[in-house]
Amino acid sequence: MAESARNIPGQGGIWERPDSLWEATAPPAPALVPLNGPAQADVLVIGGGFTGLSAALHAAEAGKRAVVLEASEIGRGASGRNNGQVIPTLTRPDPDDLVARFGGEAGERFVALIRDSATTLFDLVRRLNIDCAAEQTGWVQPVHTPGRIRIAERRAAQWGRRGAPVELLDRAAVSALLGTDAYHGGWINRSGGHINPLALARGLAAKAVEAGAAVHVNSPALSVERQGDMWVARTPQGVVTADSLVLGTNGYAASVFPEIRTEVVPVLSWQMATAPLGEAIRKTVLPARPAMSDTHGDLRFMRYTADNRLVSGGALLIPANGPERLRRIVGERLAGLFPALRGVTFDHVWNGRIAMTTDYFPRVHQLGPHGFAWAGCNGRGVALSVSLGRELVRAALGQDPAELALPLTAPTPLPFNELLQRIGPLKILQYRWNDAREI
């Protein structure tokens, strides 16, 4: 399973997508079929990932008719192929940055959505009894140089002022949580954790259908347009007419909304999982079982699965022979942090695309009357997507966006987007240069 792969169309051409651990371990998807013929809906949802499925679920629970169009299978995009960390922050912007960008009231509403996003996800999983190996064991960001403790101090202070369950950690506290003395301190948000992302996507699809939504797979939207006071989408075998629209494709908007697709840069991210670790090692490596991602730009990150596999990953300048090279590179990194992991084997190595923006801010847009979208997860899409899906469908169904956590801006396509995709991996060189320096 780990070594099989499929070549599929992706942003920037054809790329290889090895099968993931999640595909080997997630419960099966519900039985879903392509759209065949005409359909009418209160809300049309394009994209069967976390955003779209959350939107459809919340619409159906509110008594509205939702129709979801997924171009492939549930979770075949970023939602089902990521590391599964549930992180209630953004990658770079902090709360004060969001308020400065979006204004006091709108910025603080968005901050509150992000602050609560992990708990929103875990509460939803518990309420609906979704089988996705959910563990709300916290998210830790340790700092890898002494000077970067200022990052932890700033983030803990800003999120703490806004009521997040955060704590600044000294070196001893980080060592106790993670089982390594390699870090100089850090901070924790105790509402975070981790899930099996493909299991969550499939579970959300099943619950949306149970609530009354229609979810169609292998039904790409070939066109989406506003006709009169309705949104109309055409697929290879059908057409959907709806009062409102939620676009939840993130970096996969393809040609139907090129202004959104070209404002993000899809970046290839690699994930990998060890064989299940014995209990003696597990008790010394991440003994508290949190999700962890540190302050390196060339990121070090990891979390456990339910069967005690350690899931980590990394980035490559050149994807050629990626699985074998990552086994060596990440294996050496893990052994440097945890000597007990020297010689660890990786049963699964896979990759997926994440949608990055040049300033690390997500983008939220109104596409037209009762039509909304967002893009630019920047590696924080799990918790954020579920919460934004709820907010987007509320706006699409008529709630005033000014009352919601939706900092609306106009799309800003990037000039030379295809060139940026090609040279994007070179950013790793800058990250590694900065990582080796003190701030």
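This is a predicted model: local features need pLDDT of at least 70, side-chain atom pairs count only at pLDDT 80 or more; totals for chains, interfaces and linings use all residues.
**Cavities, a pocket, a helix pair and a salt bridge**

Q: Which elements each supply at least two residues of the lining of the second largest cavity?
A: Lining residues have an atom within 4 Å of a point. Here they include Asp 94, Trp 139, Arg 155 and Trp 159. Helices (H or I, at least four residues) and strands (E, at least two) are DSSP runs, numbered from the N terminus. The elements are β6 (139–142) and α5 (149–161).

Q: How do the residues of that lining divide by class?
A: Ala, Val, Leu, Ile, Met, Phe, Trp, Tyr, Cys and Pro count as nonpolar; Asp, Glu, Lys and Arg as charged; the others, Gly among them, as polar. The lining of the second largest cavity divides into 4 nonpolar, 3 polar and 3 charged.

Q: Which strand gives the largest share of the lining of the largest cavity?
A: The largest cavity holds about 50 Å³ of space. Its lining includes Arg 353, Ile 354 and Ala 355. By class it has 6 nonpolar, 2 polar and 1 charged. The largest share, 3 residues, comes from strand β18 (residues 346–356).

Q: Which helix gives the most to the lining of the second largest pocket?
A: A pocket is an open set with protein on both sides within 12 Å along at least five of seven lines. This one holds about 160 Å³. Of its 14 lining residues, Thr 25, Ala 133, Asn 196, Thr 305 and Ala 306 lie nearest its centre. The most, 3 residues, come from helix α1 (residues 21–25).

Q: How are α4 and α11 oriented to each other?
A: Axes are lines fitted to C-alpha atoms, for helices over the stretch in contact (heavy atoms within 4.5 Å), and angles run from 0 to 180 degrees between N-to-C directions. Helix α4 (residues 104–128) and helix α11 (residues 381–396) pack at about 100°, with axes 8 Å apart. Angles under 35 degrees count as roughly parallel, over 145 as roughly antiparallel, 65 to 115 as roughly perpendicular and the rest as oblique. So α4 and α11 are roughly perpendicular.

Q: Which residue forms a salt bridge with Asp 94?
A: A salt bridge is a side-chain nitrogen of Lys or Arg within 4 Å of a carboxyl oxygen of Asp or Glu. The structure holds 25. With its closest N and O atoms 2.6 Å apart, the partner of Asp 94 is Arg 154.

Note on methods:
Residues are numbered from 1 along each chain as its sequence is written. Side-chain values use heavy atoms; hydrogens and water are left out. On a 1 Å grid over the protein atoms alone, a cavity is a set of points where a 1.4 Å probe fits but cannot get out, and a pocket is an open set with protein on both sides within 12 Å along at least five of seven lines; lining residues have an atom within 4 Å of a point. Grid points are joined across faces, edges and corners, and a volume is the space filled by probe spheres set on the points.
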